[in-house]
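Visitor: I would like to learn how to read charged pairs in a protein model. Please take me through one.

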Amino acid sequence: MSQRVYFLAHGRVQGVNYRYFAQKKATEHSITGWCRNTENGKVEGEAQGDENSIKLFLKELDKGPTHAHVVRLDQESRDVQDGEGHFEVRR
């Protein structure tokens with residue numbers, strides 16, 4: 001069963017390839033959605049996929065890429081969206 005979550009990563013997550021790490025991991029787990037930098041130094045996004053894939057994806061986002069330091073990863077459920085084909089990095 002598909003689910004969708006909003007996530008907000010706190011810590012050193014900008015300028016460390018975090019968004020592209022998220023896109024790579026999303027693709028590996030067949031997850032659609034998006035992510036972008038916020039004006040206050042965080043990364044936010046939405047991810048949609050099956051429950052197990054979302055759980056694994058969020059676990060990887062909580063760790064982040066090599067040079068990131070994720071302090072906290074907030075999560076909220078969202079309504080599933082139809083017609084999304086991939087995970088995109090937004091500016």
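Visitor: How many salt bridges does a search of the whole structure find?

Guide: Start with the general idea. Side chains of opposite charge can pair when their charged atoms come close. A salt bridge here is a side-chain nitrogen of Lys or Arg within 4 Å of a carboxyl oxygen of Asp or Glu. The search of the whole structure finds 10. Some ground rules come with that. This is a predicted model: local features need pLDDT of at least 70, side-chain atom pairs count only at pLDDT 80 or more, and totals for chains, interfaces and linings use all residues. Residues are numbered from 1 along each chain as its sequence is written, and side-chain values use heavy atoms, with hydrogens and water left out.

Visitor: What is the overall layout of helices and strands in the protein chain?

Guide: Helices (H or I, at least four residues) and strands (E, at least two) are DSSP runs, numbered from the N terminus. The protein chain has two helices and five strands. Along the sequence the pattern reads β-α-β-β-α-β-β.

Visitor: Which residue forms a salt bridge with Lys25?

Guide: Glu60 does, with the closest N and O atoms 3.3 Å apart. This pair links distant parts of the chain: Lys25 lies in helix H1 (residues 18-28) and Glu60 in helix H2 (residues 51-63), 35 residues apart.

Visitor: Is Lys25 buried or exposed?

Guide: Look at relative accessible area. Buried means under 20%, exposed over 50%, and partly exposed in between (1.4 Å probe, protein chains only). Lys25 has 13% relative accessibility, so Lys25 counts as buried. Glu60 has 23%, so Glu60 is partly exposed. Over the protein chain, buried residues make up 46% of the 91 residues.

Visitor: Which strands hold Arg78 and Glu46?

Guide: First, the pair itself. Arg78 forms a salt bridge with Glu46, and their closest N and O atoms are 3.6 Å apart. Arg78 sits in strand S4 (residues 69-78) and Glu46 in strand S3 (residues 43-50), 32 residues apart. Glu46 is buried at 11%, whereas Arg78 is partly exposed at 32%.

Visitor: Which residues are linked with them in a network of salt bridges?

Guide: The network links Arg4, Glu46, Glu76, Arg78 and Glu84.

Visitor: What about Arg72 and Asp74?

Guide: Their side chains meet in a salt bridge, 2.8 Å from N to O. Arg72 is partly exposed at 44%. Asp74 is partly exposed at 26%.
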